[in-house]
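User: I am new to this structure and would like to learn how to read its features one at a time. Could you give me the general idea first and then turn to the case at hand?

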Amino acid sequence: MALDRVYNFSAGPAVLPEEVLKEAADEMLNYRGCGMSVMEMSHRSSDFQQIIDEAERDLRDLLGIPEKYKVLFLQGGASQQFAMIPMNLMKNRVADYIVTGNWAKKAAEEASLYGEVNVIASSKDKNYSYIPDLSDLPITENADYVYICQNNTIYGTTIKTLPNCKGKDLVADVSSMFLSEPMDVNKYGIVYGGVQKNIGPAGVVISIIREDLITEDVLPGTPTMLRFKTHADSGSMYNTPPCYGIYICGKVFKWLKSIGGLEAMKERNIKKASILYDYLDSSKLFHGTVSKKDRSLMNVTFITGNKELDARFVSESSKAGFKNLKGHRTVGGMRASIYNAMPLQGVADLVEFMKKFEEENT
Ligand SMILES: *Cc1c(COP(=O)(O)O)cnc(C)c1O
């Protein structure tokens with residue numbers, strides 16, 4: 001790690017691979033001999049066309065995205081999709097939502113502006129600290145889709161077994177686990193994620209959509225910019241796309257390929273998360289806050305059980321160079337977001353620091 005860098009455990013915007021940042025820095029003033037930055041370049045130029053084409057190709061390679069899915073690079077972050085999805089998919093104006101955290105809850109609330117939203121499963125009863133059984137849910141007969149947030153960034157849980165949607169299309173927000181492990185895109189109608197958690201700069205959102213879900217039959221009044229078809233028909237360049245953000249995403253895709261793709265990434269992520277979870281399970285001071293079987297590989301939530309001690313830990317860890325460990329206000333305690341770009345050493349060093357803190361405070 002460069003000497004002046006910290007270990008950044010932020011939930012998002014979050015740590016990016018240092019190799020990517022260095023490469024972007026090298027190309028900042030003069031992108032590959034063209035004499036300008038990617039930020040200054042026309043999105044209609046052949047240089048940029050190559051950047052976006054290559055980004056899409058690499059993403060398709062990484063995830064093994066089937067031909068019948070479109071890849072859209074959109075704007076407005078993940079939150080924009082909370083409206084865009086019902087506007088484009090709610091033909092019957094009915095959708096089923098599985099609410100396992102704040103982001104799913106927000107998505108459900110937004111969708112209810114456009115139609116009937118049935119919350120068919122929820123873990124709100126225990127402050128979203130677990131994933132309910134999703135194997136036999138009361139799927140609504142005329143539901144247009146079933147919605148999940150697959151990794152709950154705030155609470156630190158992951159849906160590891162996809163819901164049985166009984167033939168309905170599954171729509172998944174994977175923002176905080178995007179490209180952290182392989183996934184079978186065929187199981188989804190739409191997989192989307194804001195890139196600021198694991199892939200790139202905030203604002204860009206990538207949506208992978210099965211082609212038959214991209215139609216002209218959208219809710220009346222749907223703005224042109226919020227129609228999937230507008231972006232699908234124009235190769236994500238109906239208007240000026242977030243060029244620089246897409247360029248950084250492209251570099252992260254190359255970085256992932258260079259380390260061996262998503263299988264290798266998953267192995268690294270399991271190793272990394274185990275270091276922290278194993279310690280939490282053996283510690284007398286720190287405790288994980290969620291059901292063990294549902295633990296996220298990306299967002300690790302923990303507490304001491306004493307608010308003052310939590311606050312002291314957050315403050316002392318920050319002074320020691322472990323930044324942004326404060327938990328979300330709805331959970332309290334601590335959260336270590338250990339996305340793809342967090343090196344294993346960062347987690348090992350954090351655990352050493354926690355051990356020392358435990359010795360000093362018990
Ligand atoms: C961060 C996050 C969002 C919101 O992303 P924005 O880019 O800020 O809109 C949505 N869903 C999940 C799962 C997130 O982690």
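Analyst: Let us begin with R295, which in this predicted model counts as buried because its relative accessibility is 10% and buried means under 20%. R295 forms a salt bridge with D281, and the closest N and O atoms of the two are 2.8 Å apart. D281 lies in helix 7 (residues 261-282) and R295 in the loop between strand 11 (287-288) and strand 12 (299-303), so the pair ties together parts that are 14 residues apart in sequence. D281, at 41% relative accessibility, counts as partly exposed.

User: What is the general idea behind such a pair, and how many salt bridges does the structure hold?

Analyst: In general, side chains of opposite charge can pair when their charged atoms come close. In this structure there are 20 salt bridges. One of them joins the side chains of K251 and E27, with 2.9 Å from N to O. Since K251 belongs to helix 6 (residues 243-258) and E27 to the loop between helix 1 (18-26) and helix 2 (46-63), this pair ties together parts that are 224 residues apart in sequence. Both K251 and E27 are buried.

User: Where in the structure do K254 and D58 lie, and is each of them buried or partly exposed?

Analyst: The side chains of K254 and D58 meet in a salt bridge, at 2.5 Å from N to O. K254 is in helix 6 and D58 in helix 2, so their pairing ties together parts that are 196 residues apart in sequence. K254 is partly exposed, with a relative accessible area of 38%, whereas D58 is buried, with a relative accessible area of 5%. Salt bridges that share partners also join E54, D58, D61, K254 and K257 into one network.

User: How should I read the packing of two helices, and at what angle do helix 1 and helix 6 pack?

Analyst: As a general idea, two packed helices are described by the angle between their axes and the distance between the axes. For helix 1 and helix 6, the angle is about 130° and the axes are 9 Å apart, which makes helix 1 oblique to helix 6. Their crossing is right-handed. On the helix 1 side the contact involves E19, V20, E23 and A24, and on the helix 6 side Y244, Y247, I248, K251, V252 and W255. The residues of this contact divide into seven nonpolar, no polar and three charged.

User: Which residues make the contact of helix 6 with helix 7, and how do the two axes cross?

Analyst: The axes of helix 6 and helix 7 cross at roughly 80° and come within 7 Å, and the two helices are therefore roughly perpendicular to each other. Helix 6 contributes W255, L256 and K257 to the contact, while helix 7 contributes G261, L262, M265 and R268. Four of the residues in this contact are nonpolar, one is polar and two are charged.

User: What should I look for in the backbone itself?

Analyst: In general, most residues other than glycine have a negative phi, and most peptide bonds are trans. Here, a cis peptide bond joins G12 and P13, with omega about -10°, and P13 is placed in the loop between strand 1 (7-8) and helix 1. R32, a residue other than glycine, has a positive phi near 45°; R32 is found in the loop between helix 1 and helix 2 and is exposed, with a relative accessible area of 55%.

Definitions and conventions: Residues are numbered from 1 along each chain as its sequence is written. This is a predicted model: local features need pLDDT of at least 70, side-chain atom pairs count only at pLDDT 80 or more; totals for chains, interfaces and linings use all residues. Side-chain values use heavy atoms; hydrogens and water are left out. A salt bridge is a side-chain nitrogen of Lys or Arg within 4 Å of a carboxyl oxygen of Asp or Glu. Helices (H or I, at least four residues) and strands (E, at least two) are DSSP runs, numbered from the N terminus. Buried means under 20% relative accessible area, exposed over 50%, partly exposed in between (1.4 Å probe, protein chains only). Axes are lines fitted to C-alpha atoms, for helices over the stretch in contact, and angles run from 0 to 180 degrees between N-to-C directions. Angles under 35 degrees count as roughly parallel, over 145 as roughly antiparallel, 65 to 115 as roughly perpendicular and the rest as oblique. A crossing is left-handed if the near helix is turned anticlockwise from the far one by less than a right angle, and right-handed if clockwise. Contact means heavy atoms within 4.5 Å. Ala, Val, Leu, Ile, Met, Phe, Trp, Tyr, Cys and Pro count as nonpolar, Asp, Glu, Lys and Arg as charged, and the others, Gly among them, as polar.
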